[in-house]
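Hello,

Here is the structure I promised to pass on. Please open it alongside this email, and then read my notes below.

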Amino acid sequence: MQLKDRVAIVTGAGQGIGASVAAAYAREGAKVAVVDMNGEAAEKVAAAIVGAGGTAIGVACDVSSREQVEAMAAKVNAEWGRIDILVNNAGITRTAMLHKMTIEQWNQVVGVHLTGAFNCLQAVVGGMIERKYGRIIYVTSAAGVLGTIGQINYSAAKAGILGMTKSTAKELARYNITANAIAPGAATPMTEVIRTDEKFKDKYLDRIPLGRWAEPEEIAPVFLFFASDASAYVTGQILAADGGMTIY
């Protein structure tokens, strides 16, 4: 088991890629905190993991709230004594063309993706520094690399994650803590419109050399790599698991 006895927090794990990552970590021996703004969804995923023989708890948490994040991290520490792995996966979209986007739409998306990732990082990094071990995994997007239309808030937040990943890696390398980011293909409920709407799906698929949509289960192994000792000498990297869409 690649993650035997490790303790992992996976945010945005109530569905999609996050749920698949949480399940994959549990299968490899990790104790997993399934964290989601939707507490019922988090509990359901955790119950499924436990039912399959794994160890997990569900925790309701809005990562944009510093208080809720600190309470979530305290609960995980109280349950299992430490935190070894953090997957900053929580995300939302608030779509609008830039000249019509409200400041509320901007703040909501940046608050979850960027401030939320920072909140979670600060909540866990102290213990990782003390133990001189940690795996930080961020989730970015092709939108953060290439830009997109109608989601300047999302693209800006995901581009910010790239800088956060590299800065985290440089600051924490001395403590044996790695930080990497994954840019997954369209495999989440947030991309449902792109994958199903006739106006978007063919145009989007044309940009993917592999010519098909991703499934959450085939993205999860990339997260497993960055959480395991197989990536012990890899830090500050951005890995695009997107079917080749960001080849350039």
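Which helices each supply at least two residues of the lining of the largest cavity? They are helix 4 (103-131) and helix 6 (152-172). Please keep in mind that this is a predicted model.

**The cavity**

The structure holds one cavity of 30 Å³ or more. The volume of this largest cavity is about 50 Å³. Helix 4 gives the most to its lining, with four residues. The lining residues include Val112, His113, Gly116 and Ala117. Also among them are Thr11, Val63, Asn88, Asn89 and Ala90. Val139, Lys158 and Ile161 belong to the lining too. By class, six lining residues are nonpolar, five are polar and one is charged.

**The second largest pocket**

This pocket holds about 160 Å³ of space. Its lining is made up of 13 residues. Nearest the centre of the pocket lie Ala214, Glu218, Ala241, Asp242 and Gly243. Helix 9 (residues 216-227) provides the largest share of the lining, three residues. Sorted by class, the lining has eight nonpolar, two polar and three charged residues.

**Rings**

There is one aromatic pair in the structure. Its partners are phenylalanine 225 and phenylalanine 226.

The charged end of arginine 6 lies over the ring of tyrosine 133, 3.9 Å from the ring centre.

**Two buried residues**

Start with alanine 42, which is in helix 2 (residues 39-51). Alanine 42 has 0% relative accessibility, so it counts as buried. What is it in contact with, leaving aside neighbours within four places in sequence? The answer is Gly14, Val34, Asp36, Gly58 and Val59. Take glycine 58 from that list. Glycine 58 and alanine 42 are 16 residues apart in sequence, yet their C-alpha atoms are 4.7 Å apart in space.

Next comes threonine 178, in strand 6 (residues 177-184). Threonine 178 also counts as buried, because its relative accessibility is 6%. Again leaving aside neighbours within four places in sequence, threonine 178 is in contact with Gly134, Arg135 and Ile136, among others. Its contacts also include Ser231, Ala232, Val234 and Thr235.

**Backbone angles to check**

Two loop residues are worth a look on your screen. Lysine 132 has a phi near 55°, a positive value in a residue other than glycine. Lysine 132 lies in the loop between helix 4 and strand 5 (134-139). Asparagine 176 is not a glycine either, and its phi is positive at about 65°. Where is asparagine 176 found? It is in the loop between helix 6 and strand 6. With 40% relative accessibility, asparagine 176 counts as partly exposed.

Best wishes

Notes: Residues are numbered from 1 along each chain as its sequence is written. This is a predicted model: local features need pLDDT of at least 70, side-chain atom pairs count only at pLDDT 80 or more; totals for chains, interfaces and linings use all residues. Side-chain values use heavy atoms; hydrogens and water are left out. On a 1 Å grid over the protein atoms alone, a cavity is a set of points where a 1.4 Å probe fits but cannot get out, and a pocket is an open set with protein on both sides within 12 Å along at least five of seven lines; lining residues have an atom within 4 Å of a point. Grid points are joined across faces, edges and corners, and a volume is the space filled by probe spheres set on the points. Ala, Val, Leu, Ile, Met, Phe, Trp, Tyr, Cys and Pro count as nonpolar, Asp, Glu, Lys and Arg as charged, and the others, Gly among them, as polar. Rings of Phe, Tyr and Trp (its six-membered ring) pair if their centres lie within 6.5 Å; planes under 30 degrees apart count as stacked, over 60 as edge-to-face and the rest as tilted. A charge sits over a ring if NZ of Lys or CZ of Arg is within 6 Å of the ring centre and within 35 degrees of the ring normal. Buried means under 20% relative accessible area, exposed over 50%, partly exposed in between (1.4 Å probe, protein chains only). Contact means heavy atoms within 4.5 Å.
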